[in-house]
Amino acid sequence: MDSPIPAVEIKNLVKDFKTSFRKQMLRAVDGVSIRIMPGEVYGLIGPNGSGKSTTMKALLGLVAPTAGQCAIFGKDSLKVDSRNDVGFLPENPYFYKHLSGAETLRFYGKLCGLKGKTLDARVSELLALVDLEGARDRRLGGYSKGMLQRIGLAQALVQEPRLVILDEPTAGVDPIGSRQIRDLILKLKEQGITVFLCSHLLEQVQEVCDHVGIIFRGRMVKEGKLDDLIAIEDQTEIVLKDASPELLSQITALIENSKGTTLIRTGKPRTTLERLFLRETTNREDQP
Amino acid sequence: MTAKTDHTTHGSHLGRILVIAFHAFTQLVRMKVFYFLAVFAVIAIASNFFDLPQHEGPEAEGINVLRSIKSWSLGTMTLFSVVLSIVATALLLPKDVEDRTLYTILAKPVPRIDYLAGKLLGVLLLVFVSLALMDVLMTGVLQIRSSMVLDQQLAMAHSLGWPPAAIESLRAETALHGPSWSLQGAVFAVFLRASIMASLALLISTFSSSTLFTTIISFLIYFIGHFQADARDAYLQAGQAGEGIFARMATLVISLVMPDFQNFNVIDAVIEGQAMPILILGKLTLIGLYYALFFTVASWFVFAEKEF
């Protein structure tokens, strides 16, 4: 059986930029290779200025590689037809403020060749998906940051792409908005859509991605399946519910008596601050 | 989400260009650029009362007012159309780059030439609609005023006992200064000149880093375009240096890339009541199309290589 065509194939990407003065070259991306198979959620992480956005722009044909190739579902990124199957949400996007949410989606839909009732239905479907039905006729000038990110995600999905590229999708968004976007990414994953995202919110990347690449100063320093990368191979975790102190002391004694095993830590697992925040601020019955 | 179906045709070039054009038009309209029409209305009506110096006899009295209306109206149309075409074009492209909306558009299956052509067409649509509205207003004012002038002149001619042939000649002379097809041709020429400027501003904005730079350079070229033909002729007639093949080639190249706006002086002739031959209008249309296409294709060459 033939192996499927990768959704994203970046081979030895190099990108140099001219600096303003003295015409010195700045290498933003240095020999990066990434392969994302259909249906995967891939997170590219790295500090600011490490080359994440440049890699994404090269994949979208917004910048031309100095060396190397980028392809989307086997089509060269520098060709327009490679963009038929991709949706993109840039970092901090500012859409046209004079358009309403529905008008924005109609504009991008028409650019992708959608029209008539199909377009109307798609616009309504996307507004429902990103929970912006109530703001469909409100101009984007009056949208909050989280709403802008969600309408941005909706426009990225307008032509039902097989690949979605998200550049810092939750930057500047509050935890609730951030959680909504995370849930949307998980929904895309369930539908088999390939997602390529970059972020420096590591906890979120860990929650949604199944493959991760770490980029530093333009170079890929670590890449692989998330579970493989973060697993501590020589340790085992047991989480118990309602365990009595007697049972715990029995387990501890058992471990102490076994050769070659060391008890590193016991205690209560902690929730995350994000989960605590969400629990305290959403669906509270005492709030109007 | 629905399954991907056949309906996702990726659209035609023309379809995408029109989508971007109507969007650019909407964007500019929502910036409230049509407010200037109120200013134009004031100018068109006020031009009825501007006193021009008279050197002719009393029979020309009313004609001066008609000339004044045409002169002020076409002058204002030229000003607004050139300013609109330069500023709007210089504004739209850098704004999309700064706001990163360009990323979202070019990340869709939109060729860069479609984007450029759409933006230019949107500005031209706005200029065309503006000129059409101003034209309706000018023609209306001119129609009312010319019938008033004609009535006054005929009354004067009858009271002075002019022969029928002279009265008919007076009627024809006055009609030349009223609304005419030549006047519509002059408005179209104003549109063509604005189209050249919009496409030139598009070219400059593809490599300029700011709206201000694009606007200043565009206006500079606009003014140069009004005397470049004179400068060229003076150079060619300036003795030996101007007669060589090199000099002639250089002036030819300059005239191919720099529009000669003296071709549009025919608008002044229309204000003076002369007819605009259809051949002249055809020539102006070809000139307008040539430069608009030339500058748009040049913009594409620059924009196709641009990185964001």
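## Chain B: contacts and fold

In chain B, residues 24 or more positions apart account for 83% of the contacts with a separation of 6 or more. The model is a predicted one. Chain B holds 11 helices and 0 strands. Read from the N terminus, its elements run α-α-α-α-α-α-α-α-α-α-α. Of its 308 residues, 38% count as buried.

## The largest nonpolar core

The largest nonpolar core has 143 residues. Ile165(A) and Val190(B) touch the most other members. Helix H7 of chain B, residues 181-207, supplies the largest share of this core, with 16 residues. In soluble globular proteins, nonpolar side chains tend to be buried together.

What does Val190(B) contact, leaving aside its neighbours within four places in sequence? The partners are Leu74(B), Met77(B), Thr78(B), Ser81(B), Leu131(B) and Ile267(B).

## Where chain A meets chain B

At the interface, 31 residues of chain A are in contact with 28 residues of chain B. Three elements of chain A each supply at least two residues to the side that touches chain B: strand S6 (86-89), helix H2 (101-111) and helix H3 (116-129). H2(A) gives the most, with 4 residues. By class, this side of chain A has 18 nonpolar, 7 polar and 6 charged residues.

## Domains of chain A

Chain A is divided into domain 1, residues 8-230, and domain 2, residues 245-281. The C-alpha centres of domain 1 and domain 2 of chain A lie 38 Å apart.

Helix H5 of chain A covers residues 175-190. Its 16 residues should span 22 Å at 1.5 Å a residue, and its end C-alpha atoms are 22 Å apart, so the two values agree. Buried residues in H5(A) are Ser178(A), Arg179(A), Gln180(A), Ile181(A), Arg182(A), Leu184(A), Ile185(A) and Leu188(A). Just after H5(A), Gly192(A) takes a positive phi of about 85 degrees.

Helix H8 of chain A covers residues 245-257. From its first C-alpha to its last, H8(A) reaches 18 Å, close to the 18 Å expected for its 13 residues at 1.5 Å a residue. How many of the 13 residues of H8(A) are buried? The count is 0, and H8(A) is hardly covered. H5(A), by contrast, has buried residues including Ile181(A) and Leu184(A).

Terms used. Residues numbered from 1 in each chain as written. Chains lettered and ligands numbered in written order. Predicted model: local features only at pLDDT ≥ 70, side-chain atom pairs only at ≥ 80, totals over all residues. Core = buried A, V, L, I, M, F, W, Y, C linked by C-beta atoms within 7 Å. Buried ≥ 20, exposed ≤ 12 C-beta atoms within 10 Å, placed from the backbone. Contact = placed C-beta atoms within 7 Å. Nonpolar A, V, L, I, M, F, W, Y, C, P; charged D, E, K, R; others polar. Expected span 1.5 Å × (residues − 1). Domains from an automatic or database assignment.
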